[in-house]
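Student: I would like to go through this structure one point at a time. Could we begin once it is on the screen?

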Amino acid sequence: MTVKDIDENGPPRTTPIQSATFSNPINAEIRRAAATGIYDIRGGGAKRRVPHFDDLLFLGASVSRYPLEGYRERCDTKVTLGTRFAKNPIELDIPITIAGMSFGALSGRAKEALGRGASEAGTSTTTGDGGMTPEERGHSTKLVYQYLPSRYGMNPDDLRKADAIEVVVGQGAKPGGGGMLLGQKISDRVAEMRNLPKGIDQRSACRHPDWTGPDDLEIKILELREITAWEKPIYVKVGGTRPYYDVALAVKAGADVVVLDGMQGGTAATQDVFIEHVGLPTLACIRPAVQALQDLGVHREVQLIVSGGIRTGADVAKAMALGADAVSIGTAAMVAIGDNDPKWEAEYQKLGTTTGAYDDWHEGLDPAGITTQDPELQQRLDPVDAGRRLRNYLNVMTLEAQTIARACGHNDLHNLEPEDLCALTMEAAAMAQVPLAGTTWWPGKSGAGF
Amino acid sequence: MQTYDLEADGLRGLNAALHAQTSETNQTQWEIVNPRGSHAIAVGLDAPIEVNVKGSTGYYCGGMNKQATVHVHGSAGPGVAENMMSGTVVIDGDASQYAGATGNGGTLVIKGNASSRCGISMKGIDIVVHGNVGHMSAFMGQSGNMVVCGDAGEALGDSIYEARLFVRGSVKSLGADCVEKEMRPEHIELLRDLLDRGGCDAKPEEFKRYGSARQLYNFKVDNAY
């Protein structure tokens, strides 16, 4: 640029640079908050990128390991949950269960679809905050009944109808937080089941009303066992925050099964800031939890179910290689039955969103008819067809996990082990406590010999 | 009269024997001796029987009760009659925290005092306390009635929904969205019946009624704390 150019066009200007700290999405949220005075509420789990199962790879067999034939040789998938104290443990054909989702947050037809799909695949489904519906019980061969702080719909008859009881202490999307089912989803039926007026916002408390701490929890579990004649496996579900201590205390309190939910695990509705900024990634939870079980001498005796971001058979296999006995899926199951389907794109656009990003489940306007109580929208979901899709998806995940296990030389998914894995990043290596790819080392490990 | 020695014969045997009773049972009178503060006594009952516990109990006595009458001839630990569906639970002495928590129905009578969070998340139960109740009683109370013949502690009825509270003595403070309400004739009649069922000779006219201002029923930013 010459002096003449400057004289004619003015001095050169710097290229506009967007702030990494005050990015356009951040600024848009600031403007939205300033305009409304209300924090953003949404459904789902953490959307931010966190270390996850994608950051792990299986090593597979070669000379040092002997693989099994991929299609011919047996690779068992069965799992029995509740072997510690319960008279009637749950036996599942596959180690992939359906996580707790409430009638209220989901339509009755969606709950029916989840029950159908899970039953056809030989696994369990789970109630949620709001009680047990007859259609859910009727279509679920194995049904886990959640015992939640709100106790909406809780009664001893349903407790005895359940195949297992899950005491929910917390969940990965909002550990330490309660919930709110907004009034627009409180239909007559939902209101009746929860014993509250129609159309009002219904809060779900963040802690149980009649026990605090692990010593009380032990007595609460005793009460539930006495009411159900010690027949039902009792799970304790915790959000991933301090997994070593929480799992150890759940075991001390008498749990048969511990369910551990990482921050990618979904919720029907809570504050976005809560979902994105509280809790641990699922990957970071598993090894401390397994360590707690091993230190107490109950690994495999007290089963560990891991949830939060399980999407594929590879995720299933990786969670199990790290020590889980089974996994649980919620968001993935919803996608399988039709949530965020591109065929509703025009309607997502009308709601100011797009396929894959729709998460305003609390508003009750779900075009797919899943997270709604609207009578017309609900009809869009065929529970038989949706159940079939879920069954297919569960079958595919199981086949994928078996394929990987065989390639690693295992005849049972539960024989997968950390030695089958390596990590692509330092963070994943540290969290999963498996070697960084091409090395024998992970952060925190002493020594580096082969 | 069936007599069961809890210390000698154990909790599982007791609850199994009580659960075995049906609507047609002729073993309608039960006496439990040596409870010694044990937890989960007479939980999950579902028959028209009367169970007299001769002493004090630990946590969750009478939990999830249906139909039965459970009478504690002593004091009760935390969570007595939690999630009761129907029937009656009577405590001769005092009750610890969370008495009648999440109860859906039936009547809980506490002849002494009740500690904090009495009637927390109550969903239809009727609770009659002859003495005082502690702080945060009837927290998030959804429905049902609570009668307090003595005084109420801090934050009575915090975040209350449609439960009705009647207090004869002082209220140290009201919780969020809980207000004093007019005592109309129908409330006097309701209270008279509750006092009668609770074996209490207080006069309904001596009570004040409290309930929800219904200002927290839908989320508004100005209601956030």
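**Strands, a helix and an interface**

Student: How many bridges join strand β3 to strand β4 of chain B?
Tutor: The model is a predicted one. In chain B, β3 covers residues 50-54 and β4 covers residues 69-72, and the two strands run parallel. B:V53 has B:V72 of β4(B) opposite. The number of bridges joining β3(B) to β4(B) is 4.

Student: Which residue stands opposite B:V70 in β5(B)?
Tutor: β4(B) and β5(B) run parallel and are joined by 4 bridges. The residue in β5(B) opposite B:V70 is B:V89.

Student: What is the bridge partner of B:T88 in β6(B)?
Tutor: Strand β5 (residues 88-91) of chain B runs parallel to strand β6 (residues 107-110) of chain B, with 4 bridges between them. In β6(B), the partner of B:T88 is B:T107.

Student: Which are the edge strands of the open sheet of 11 strands in chain B?
Tutor: The strand order in chain B is β1-β2-β3-β4-β5-β6-β7-β8-β9-β11-β10, and the pairing is mixed. An edge strand pairs on one side only. In chain B that applies to β1 (2-5) and β10 (178-181).

Student: What angle does the direction of helix α3 of chain B make with that of β8(B)?
Tutor: Helix α3 of chain B, residues 185-197, packs on the sheet. The strands of chain B that α3 touches are β6, β7, β8 (143-148), β9 (164-167) and β11 (208-212). With the direction of β8(B), the helix direction makes an angle of about 70°.

Student: Is α3(A) largely enclosed by the rest of the structure or largely open, and why?
Tutor: Helix α3 of chain A has 14 residues, 108-121, and reaches 20 Å from first C-alpha to last, close to the 20 Å expected. A residue counts as buried if 20 or more other C-beta atoms lie within 10 Å of its own. That holds for 13 of the 14 residues of α3(A), so the helix is largely enclosed.

Student: Which residue follows α3(A)?
Tutor: The residue after the helix has a positive phi, near 80°. That residue is A:G122.

Student: Which element gives the most to the side of chain B that touches chain A?
Tutor: 36 residues of chain B are in contact with 22 residues of chain A. On the chain B side, α2 (11-19) and β7 (123-129) each supply at least two residues. With 4 residues, the element that gives the most is α2(B).

Student: How many residues of that side of chain B are nonpolar?
Tutor: The side of chain B that touches chain A includes 14 polar and 5 charged residues. The nonpolar residues number 17.

Note on methods: Residues numbered from 1 in each chain as written. Chains lettered and ligands numbered in written order. Predicted model: local features only at pLDDT ≥ 70, side-chain atom pairs only at ≥ 80, totals over all residues. Contact = placed C-beta atoms within 7 Å. Nonpolar A, V, L, I, M, F, W, Y, C, P; charged D, E, K, R; others polar. Pairing = 2+ DSSP bridges. Axes fitted to C-alpha atoms, helices over the stretch in contact; angles between N-to-C directions. Expected span 1.5 Å × (residues − 1). Buried ≥ 20, exposed ≤ 12 C-beta atoms within 10 Å, placed from the backbone.
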